[in-house]
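Colleague: Hi! I'm new to this one. Could you walk me through it?

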Amino acid sequence: MIKIPQISYIVLIVFSILFPGANYAFSKGTAIIIKSQDLSAYNNVEAGFKKECRNNDITIRSIYNLNGKMKVGRKMVRNIEKEKPDIILTIGVLATTIAKEEIEDIPIIFCMVINHERYELIKQNITGISNEVAIESQLIGYQALVNSLRNVGVIYDPSNTGNIIDDAERQMKGIGIRLVKYEIKSPEMVGKALHALNGKIDALWILPDRTVVTKDSFNLIKTTTIENNIPLLCTNDVFVKAGALMAVFSDYAEIGRQAAQLANKILRLPSKDSLGIIYPDTYKLAVNSRTAKKLGLNLDTIRRIPHVIIYP
Amino acid sequence: MNKFNIRIKFILFTSLLIIFIGISSCWFFSTQIKRQLEDELKKRGYSLIVQLAQDGEVKDSMSVAQRAFFEDPINRLRELDRDKELAFWRVLLVPDKILLEENESWIETNVASMPLSFDLENITEPVFNLLSTNNGEQFYNFIAPVHEKRTISEEEFAAQVFSLDEDYNEEENKLLGVVQIGLSPRRINKKMHAVLWTSSIPLGFIIVLVGIGVSCFIARSVVKPVEDLVKLTDRVASGDLDQTVEIRSGDEIGMLASRFNQMTKSLRKLMGDKENVMTTLRELNKELSTINKELVQTNEQLNETQERLIRTEKLAAVGTLASGISHELRNPLGAIKNAVFFLKRKFSDRDIPGVDKRVLQFLDIMDDEIDRSNKIINDLLGFASFAKLKKIPFDITEIIEEALLRAKRANKKIIISRNFEPELPMVEIDANQMGQIFINLIENACQAMTDGGKLQIKTRKYEDFVEIEFADSGCGISEKELKKIFDPLFTTKHDGVGMGLAVCHWIIQKHEGTIDVTSKVGEGTRIFIKLPLKR
């Protein structure tokens, strides 16, 4: 027997198929998702966004994957404009930068843009969620396991992450932590930087700097820090999985959720202006138990803290 | 002899060499230019195909298989092709789908008719080959693979940061297909043609002309001195050693000229020395000839003197012997003669019995032989009586005439021819002895002409001599006998003693004259007597 609620659903589905515009009539707005490429992290964001959109009656009209291609992406985005969605979520730097250039009058929410300040994503229709957790939150997270943080070393390329370092140095100084900086211009200088910082630092902080973090250099950083008993602190759990001690990072599904909430908020606003760029409202702590053991760190104290993920 | 001289050979050889070099240079230059143009075309082709293959829009268009998206990349490609060499282009998707194929209107071949001639999936890097169409057109064909690749480096890094590349694998850089372009070689062919006619061939022609000119100049500068040397050598060979070569350079030719001059100088010196030596030799030879002549004369004189001495000694010996034995033999012979006379008279009157009739004959023989022996003894005694000369000036002709009267001429057929020089000077002689000589010579001549003949007697004055010649047409004397005829006791006659001519010779010598004989067997004999005039 088919019950009445079931019949209602069936009727609704058929109606939706026959008259797709009718769905929008009942939603607060329509959204389009543009992914820079097909990454699991981006897919997690997409999933979180979709879920929260459903909760907020925001209809996802289309999902575009640019596959990492600038030219095709640009053409796709021009087509998107014709769909006239109420809001656009861009995931990743490619989708965000193209949307910024091509779309003028539709609100855009971006996320998953590493070091967004480099791309000057300041525009009246652009709202964003920073990929990096706030420095203060990161330090709190690191200190949960590594108590004696006095001298934190960092290797960076000023052209990539100079803005983050300036901000971090200022904030760390406020809480009595000295940031020991070492500038490099090429990945080949990482080894020299590690040698220079050894013995001067209590932990090494790794930022998402493309000059510093490469496949080869990360392995060198990981092995060098373990050999010299230096905790390796990161901004992404991927590195923890790969052997770094710990990372304070934002959960990607939570980013999607937060983006959907921002979309809901913007759609409610009459002007639909930018809400600015905000930090993730939640973060997680990832710890590599094997590395912690090698460094002689006890994980008992952090196991009780919520959102702690211990690998493996 | 080779009919080509060294100048022609040199010019021919060097000209051929230079023509070869000119053609080779022309060919090399053209080949290099062509290679350079081809290399440039290849570079442009590779550059264009790589730009096309790396064009993000091309990759995107291929990944979505949208032919319409190629308009902009192809326009960009045509803009890059400043020399307008781009003839056709083709885009193929794996496995074998032709997404786009277009060609410029100015080529004769339609790109659709051009074979693919390559395995699309095996192309891993840009490749080049020459493509010839059925209608003879040729294209420089470039093919490059197009791989799907993320072009946004930030997204690559994002993939690395967010998933440590677990979502991004280089191996997934899959082959979308290939792009193919064809460049027409028309422009480089035109350029090559222009280079060939404006540079290569004129250059080769100039090289050949200059080369031949230079070879002629070199041949002249090398061969001319050699020819001069040859001419001078001919002159030197013909004896003109004063020839010298002008030395114009310090090279091998100059050295040759210098050596030639040294050689002619040495030859001149040698010839001068030789001439001096020859003069000296000639003088020496002349002196030697004179000495030799004198020696011969002296020798002849010596021989003559020796012969004369021997003959004199012989004559003296014969004279001594004759005077010794003549008297001793004459008396017995006289007694024998008388006895023979008595016997002959006795037996001739009557026949004596018991006596052979041939006794009378024997007695006649004995009588004759006794007469002959007496004659020999008389001759010998006569010879002994010639020891002293009683020379007085006398007319030779008169003596000859008297001798002709007194001489016994057995054969009346002999003709006497006289050829006496008139007014012949008087000669200081012993007329008796000289008359005896002439008689002896006339009798000898007559005896030689047994069958008759002619005896010519000539006299003439010759310098300080009077020469008397007796020439008969008798049997003549052999050369062997001629040398001995003046020797005493040498005779060819059966009843001769061999003293006549020896005595003649001796008497002539006593008169400080000479007697010479020439004779040919069968033709006759000529005797010349020279007697000195009174001094």
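Modeller: Happy to. A term to begin with: two strands pair if DSSP finds at least two bridges between them. Helices (H or I, at least four residues) and strands (E, at least two) are DSSP runs, numbered from the N terminus. This is a predicted model, where local features need pLDDT of at least 70 and side-chain atom pairs count only at pLDDT 80 or more, while totals for chains, interfaces and linings use all residues. Residues are numbered from 1 along each chain as its sequence is written, and chains are lettered from A and ligands numbered from 1 in the order in which they are written.

Colleague: Thanks! In what order do the 7 strands of the open sheet in chain A come?

Modeller: The order is β7-β6-β8-β9-β10-β12-β13, with mixed pairing. In chain A, β7 (178-183) and β13 (308-311) are at the edges with a single partner strand each, so one side of each has no neighbour in the sheet. From one strand to the next, the twist averages 25°. Angles here run from 0 to 180 degrees between N-to-C directions, and axes are lines fitted to C-alpha atoms, for helices over the stretch in contact.

Colleague: How do β9 and β10 of chain A run?

Modeller: They run parallel: 2 bridges join β9 (residues 232-234) to β10 (residues 246-249) in chain A. Cys234(A) of that pair stands opposite Ala247(A) in β10(A).

Colleague: And which strands does helix α7 of chain A lie across?

Modeller: Helix α7 (residues 158-174) of chain A lies across β6 (151-156) and β7 of chain A, at about 165° to β6(A). Helix α8 (residues 190-197) of chain A also packs on the sheet, where it touches β6, β7 and β8 (203-205) of chain A and makes about 145° with the direction of β7(A).

Colleague: New topic: how many residues of chain A are in contact with chain B?

Modeller: 22 residues of chain A are in contact with 19 residues of chain B; contact means that C-beta atoms, placed from the backbone, lie within 7 Å. On the chain A side, α3 (40-55), α4 (70-83), α5 (93-102) and α10 (237-241) are the elements that give two or more residues. The largest share, 3 residues, comes from α4(A).

Colleague: Is α5(A) buried or exposed?

Modeller: 8 of its 10 residues are buried, so α5(A) is largely enclosed by the rest of the structure. Among them are Val93(A), Leu94(A) and Lys100(A). A residue is buried if 20 or more other C-beta atoms lie within 10 Å of its own, exposed if 12 or fewer, and partly exposed in between, with C-beta atoms placed from the backbone.

Colleague: What about chain B: which strands form its open sheet of 5?

Modeller: In order, they are β7-β9-β10-β12-β11 of chain B, and the pairing is mixed. The edge strands, β7 (414-420) and β11 (514-520) of chain B, each pair on one side only. Within the sheet, β9 (residues 453-462) and β10 (residues 465-472) of chain B run antiparallel, joined by 8 bridges. Ile457(B) stands opposite Phe470(B) in β10(B), and the bridge partner of Lys461(B) is Val466(B).

Colleague: How many residues lie between the strands in the hairpin of β9(B) and β10(B)?

Modeller: That hairpin has 2 residues between the strands, and Glu463(B) takes a positive phi near 50° there. β10(B) is also joined by 8 bridges to β12 (residues 524-532) of chain B, and those two run antiparallel. Glu467(B) has Lys530(B) in β12(B) as its bridge partner.

Terms used
Two residues are in contact if their C-beta atoms, placed from the backbone, lie within 7 Å.
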